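Subject: Structure handover

Hi,

Here is the structure I promised to pass on. Please open it next to this email, and my notes follow below.

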Amino acid sequence: QPDDRGLIGEVPVLRVTRRGPEALHFVPAPLEPGAAVVLSLDWDRRFDHMQQHSGQHLITAIAEQMFGFKTTSWELGRQRSVIELDTPSMTAEQVEALERSVNEKIRERVPVTVRELAADDPEIETVRSRGLPDDHAGPVRVVDIEGVDSNMCCGTHVSNLSDLQVIKLLGTEKGKKNKTNLVFLAGNRVLKSIEQSHSTEKALTSLLKNGPGEHVEAVKRLQSSVKLLQKNNLNLLRDIAVLIARDFKSKPVRSQLFVLHRKEGDSEFMNIIANEVGTEDTLLFLTVGDEKEAGLFLLAGPVEAVENLGPRVAELLGGKGAGKRGRFQGKATKMSRRGEVQALLQEFISHRSPEA
């Protein structure tokens, strides 16, 4: 169970941990020894942990009684909690039956009590336990859910199962070898989850222009439309790439340097242009993506020139790349420096001998 938070006087408690029988409080400022202070507890956090922890005890006990599934570990998370059960699988029917049973116990208002036993009390052997820590000192704390469970525990708990309000089992996930993770919410977390789901439902109803029962089908239709648009867009980009290359090749006098940026392009778009133009006599510098932030680049041309310039182009663009056989391509983080790359390439061409 996560630790409590709160204030010691006006000083916030950042963390609490245990060392033997002592509770160590971590604070951002020193406190005056011997000073009288008021301790303020973050009750919302504490009560949330109480609900989840008592809920775990209840689920664990009922799961073992109903199906023989033992709990091997559990985690109280910030948004949901998980119980690891010693079973390779759990059916939807078993999850439903377990949820029904634990909520029946909540409606029965079963008391939850805490008692302390001496470390050598023989009764300790009769309660459920995962063992004591090596540095344990003092009495042993036992949490009882009347008629349901007795469990050795140092956590904070509700005094009656009715304080749990409700438990919702969200289903199972594959756990470690031959284990199953059971995900659950208890108490106020169930209410918050419903509120969040309702807000999402209202937003989707407004966006999709239909009722909640039709949301899934509407999203499926949108996904199909997007896939079709993406396919058509890709085909158009390919056609544009070919036309751009042919337009360059049709010029009576071709420049030795071809530079092009297209925001909506991709790697295939750049390679099509390079293939169509041909790179034996022309040095191509092509980029796609955001003009001022990140994107992709391709440097293509005579092998020796590309091997020489490729790493320098990548460095200028704040990116990384690799190449072979006259092509060097990669990712760039500083697309705004394309002008510097173009100047570098122009300078290289102007100093290149006719034989090169």
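Let me begin with the second largest pocket, which holds about 380 Å³ of space. (On a 1 Å grid over the protein atoms alone, a pocket is an open set of points where a 1.4 Å probe fits, with protein on both sides within 12 Å along at least five of seven lines; lining residues have an atom within 4 Å of a point. Grid points are joined across faces, edges and corners, and the volume is the space filled by probe spheres set on the points.)

A word on the source: this is a predicted model, in which local features need pLDDT of at least 70 and side-chain atom pairs count only at pLDDT 80 or more, while totals for chains, interfaces and linings use all residues. Residues are numbered from 1 along each chain as its sequence is written, and side-chain values use heavy atoms, with hydrogens and water left out.

Back to that pocket: 15 residues line it, and Asp48, Arg78, Gln79, Arg189 and Lys192 lie nearest its centre. The lining splits into 3 nonpolar, 5 polar and 7 charged residues. (Ala, Val, Leu, Ile, Met, Phe, Trp, Tyr, Cys and Pro count as nonpolar, Asp, Glu, Lys and Arg as charged, and the others, Gly among them, as polar.) H1 and helix H3 (188-208) each supply at least two lining residues; helices (H or I, at least four residues) and strands (E, at least two) are DSSP runs, numbered from the N terminus.

Arg189 deserves a click. It lies in helix H3 and is buried, with a relative accessible area of 8%. (Buried means under 20% relative accessible area, exposed over 50%, and partly exposed in between, with a 1.4 Å probe and protein chains only.) Not counting residues up to four places away in sequence, Arg189 touches Asp48, Gln52, Leu76, Gly77, Arg78, Gln79, Arg80 and Ser81, where contact means heavy atoms within 4.5 Å.

The largest pocket has about 1,400 Å³ of space. Of its 39 lining residues, Arg18, His53, Cys153, Cys154 and Gly155 are the closest to its centre. H1 gives the most to this lining, with 5 residues, and the lining as a whole comprises 13 nonpolar, 15 polar and 11 charged residues. Domain 1 (6-41) and domain 2 (44-131 + 138-205) both contribute to the lining, so the pocket lies between them. The chain also has a domain 3 (240-352), and the C-alpha centres of domain 1 and domain 3 lie 62 Å apart. The domain bounds come from an automatic or database domain assignment.

Now for the packing. A nonpolar core here is a set of buried Ala, Val, Leu, Ile, Met, Phe, Trp, Tyr and Cys residues joined through side-chain atoms within 4.5 Å. The largest one has 29 residues, of which Leu58, Ile59, Leu98, Ile167, Leu169 and Leu182 touch the most other members. Helix H1 (43-67) is among the elements that give two or more residues to this core, and H1 gives the most, with 7. A second, separate core of 19 residues includes Phe285, Val306, Val341 and Leu344.

Finally, have a look at Phe348 in helix H7 (residues 338-351). Phe348 counts as partly exposed, at 22% relative accessibility. Leaving aside neighbours within four places in sequence, Phe348 is in contact with Ala305, Asn308 and Leu309.
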